[in-house]
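Open the structure in your viewer and keep the selection tool at hand. Each stop below says what to pick and what is there.

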Amino acid sequence: MRTTVLQSGNLPISKMWPRIGDEIVADERFDAVVVGAGPAGTAAAYTMAKGGLKVALIERGEFPGAKNIFGGVLYRKQLEDLIPEFWKEAPLERTIVEQRLWILGGDSAVTFGHRNLKYKEPPNCWTGLRVKFDQWFAGKAEQAGAIPIYETVVTELLLENGRVVGVRTDREDGDLRANIVVIADGVNSLLGKSLGIHREWRPDEVSLAVKEVIALPKQTIQDRFNLEDDEGCTIEFVGHMHGMAGLGFLYTNQDTLSLGVGVMVSDLRNKRIKPYEVLEGIKRHPMIQRLIQGGEVKEYSGHLIPEGGLDSMPPLAGDGWMICGDAAQMVNAVHREGTNLAVTSGRLAGETAIAAHAKGDFSAAALDEYTKAVRDSFIYKDLKKYRGVHGLLAMGASDLLFEKFPQALNDAAYEMLLVDGVPKKVKQKAAVGHLRDVAGGNWKLLRLALKGWRAMNG
Amino acid sequence: MLHLVVCMKQVPDSREIRIDPKTNTLVRQGVPAIVNYFDLHALEEALRVKDEHGARVTVISMGPPSAEKALRQCVSMGADEGILVSDRAFAGADTLATSYVLAMAIQKAEDEWGPVDIVFCGKQTLDGDTGQVGPGVACRLDIDQLTYVEKVESLDPVKREIIVHRHLEDGVERVKARLPVLITALAELNRPRRAGLPGVLRAARYQPIVWTTNDFPNMDRSKIGLRGSPTIVSKTWVPEPKQVNTEFIEGDDPAVTAQELLGRLYATDLPQKLGWA
């Protein structure tokens with residue numbers, strides 16, 4: 001078999017490897033190679049291996065999950081479609097019975113939330129830690145027959161007449177040929193870039209999230225969050241982030257808390273603020289400080305989150321390849337869902353591969369069934385609904401939306417609840433007036449409200 | 001063809017080890033298990049012999065079923081076969097019992113695949129640190145032992161001669177020996193290779209061979225496991241960190257503080273000890 005190497009352009013090729021134009025010889029052939037053992041890649045590998053395909057699952061980390069982070073919420077529905085009753089064996093932290101949303105002022109908060117014990121049975125979502133969960137999930141794919149190839153970096157795709165026919169890894173004799181390559185190499189997708197299907201993300205298309213895992217005794221966590229046994233609670237918060245577009249989170253694990261913030265990279269750049277400074281500021285906020293005090297920071301991590309939404313999504317399939325998960329910008333930033341979309345996209349890619357295998361057709365036309373399946377799924381529909389959100393955030397209203405409004409809302413709440421003899425009608429008028437002034441007038445406030453409405457309702 | 005055996009132990013990664021302050025024992029829970037560092041060098045040397053002269057490389061490990069992962073790693077690097085000697089009856093073994101079992105396993109490997117020419121061991125394990133198992137195996141096999149080897153100068157499979165450099169406390173000893181021998185490897189011996197992709201693929205599908213007590217009809221039950229281990233741990237403790245007096249020299253001008261620091265240092269006997277004076 002004669003194959004020509006196409007350099008990815010992102011990674012240096014060491015001297016020992018063939019160079020561009022060199023001929024290479026490959027022997028063992030797979031039905032499918034999956035690049036990346038995160039939720040998307042593992043779901044694809046699991047689906048295909050169960051469907052009888054000969055699959056290799058390649059991961060650059062020492063083991064799946066070693067290099068992966070997320071905020072920390074796993075949902076039931078999409079994983080259940082793949083592995084029924086997975087929660088009975090998967091390493092999960094706590095079953096979430098309460099979700100809170102805090103709008104932070106300087107040292108105050110307006111809070112919303114919903115607690116309902118119905119979320120326990122059937123469970124709706126859990127907190128989790130990727131280092132444990134991904135290992136377990138990839139183990140399921142291995143049990144189904146996927147061949148694990150870990151601590152291995154895919155440096156480029158092998159192309160033959162414009163078709164993807166396999167991957168090149170950084171190991172000796174490292175070429176692996178396959179009929180289908182499923183690209184699930186995460187937000188920075190080097191392979192997506194090498195294919196030319198997406199460019200380097202613009203700073204407004206990605207958020208940088210930083211997260212700390214903070215250890216506290218189990219009982220302390222349960223007391224502070226009003227929880228029993230394996231019950232869990234999540235808190236999302238906005239505001240108090242130097243006027244940048246960002247969302248913070250505080251999740252309860254068994255004996256740790258996950259505390260983090262994700263901030264739009266363009267705002268970080270414009271404000272010249274480092275992400276950990278944002279996190280440090282949040283840790284000093286009295287609402288947060290009291291929940292984490294006495295805890296010991298066990299881990300610190302940072303990761304990019306693709307938040308460009310539908311308009312940043314690349315083509316999803318071509319001759320011999322499909323792309324899933326973060327690599328395809330599949331994140332619903334509004335609902336902090338990513339793992340969900342990743343798992344479903346992986347499953348859909350896997351199902352498409354099984355059908356393509358049965359027909360022996362791995363062309364772009366055959367694999368485009370995957371694109372159609374994504375369009376018919378909640379992935380596309382949800383991202384379509386929030387299509388305008390990215391534009392709204394990118395238009396430079398961060399300071400207004402994420403600092404001035406939250407503060408004004410806190411001020412208004414303070415005034416409304418303060419009993420000082422001023423009639424309520426006067427107070428209400430003052431509160432609305434305050435919000436209007438912050439927005440820069442009635443007209444601007446209305447326009448912003450309309451834009452916001454449209455952004456949230458595609 | 002030469003038959004080489006590598007003795008390997010799966011150990012907790014010592015970089016992530018902690019000591020339980022209450023029991024004074026190692027906390028193994030949650031600590032990743034790895035191939036003992038020195039055993040990787042032993043394996044690498046065996047693989048180099050295989051690359052140069054052609055050889056069969058058998059890796060033998062005594063340990064729990066989870067050690068299969070470590071054996072797979074050895075197979076991915078190029079070992080031909082991985083043997084897991086595993087049985088509850090082997091649990092609690094000290095170096096005496098361990099070397100007895102390993103020697104019997106090596107003899108069984110000889111029965112299966114022919115006489116063994118070189119046994120490679122790491123100089124010691126990261127968790128036990130005794131350095132006794134390699135020599136113990138050599139004694140039981142009644143073969144010569146070359147411990148603390150930092151270099152294999154030459155190997156002549158026809159004359160059956162090997163010349164190695166042994167790193168001793170007071171120098172290096174250049175030794176010639178006749179096969180079969182047992183070698184214990186230092187880290188200086190070589191740089192372990194990264195497995196190639198074909199090796200990784202083979203390892204992913206490879207099922208290590210498991211030998212239990214049933215596979216050793218002649219094994220003396222009184223010499224294995226806890227029963228065969230005369231070592232008694234009478235006490236363990238964590239050494240107190242040494243008390244060090246720390247002084248901060250405050251000041252805004254680095255030149256002044258540096259001068260002050262140097263003045264204090266030269267007032268001690270440190271410069272003399274370091275040969276500055």
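The tour goes from a sheet to its helices, then to a helix pair and the chain contact.

This is a predicted model: local features need pLDDT of at least 70, side-chain atom pairs count only at pLDDT 80 or more, and totals for chains, interfaces and linings use all residues. Residues are numbered from 1 along each chain as its sequence is written, with chains lettered from A and ligands numbered from 1 in the order in which they are written.

**The sheet.** Select chain B. Nine strands form an open, mixed sheet in the order β11-β10-β9-β12-β8-β1-β6-β7-β13. Strands (E, at least two residues) and helices (H or I, at least four) are DSSP runs, numbered from the N terminus. Strands pair if DSSP finds at least two bridges between them. Now pick β11 (171-178) and β13 (209-211) of chain B: these are the edges, each with a single partner strand, so one side of each has no neighbour in the sheet.

Next, take β9 (residues 144-156) and β12 (residues 181-185) of chain B. They pair in the parallel sense over four bridges. D144(B) stands opposite V181(B).

Select α2 (residues 68-77) of chain B, which lies across β6 and β7 of chain B, at about 160 degrees to β7(B). Angles run from 0 to 180 degrees between N-to-C directions, with axes fitted to C-alpha atoms, for helices over the stretch in contact. Contact means C-beta atoms, placed from the backbone, within 7 Å.

**A helix pair.** Move to chain A. The axes of α12 (residues 387-394) and α15 (residues 442-456) of chain A come within 6 Å and cross at roughly 140 degrees.

**Between chains.** Finally, show both chains: nine residues of chain B are in contact with eleven residues of chain A.

Terms used: Two residues are in contact if their C-beta atoms, placed from the backbone, lie within 7 Å.
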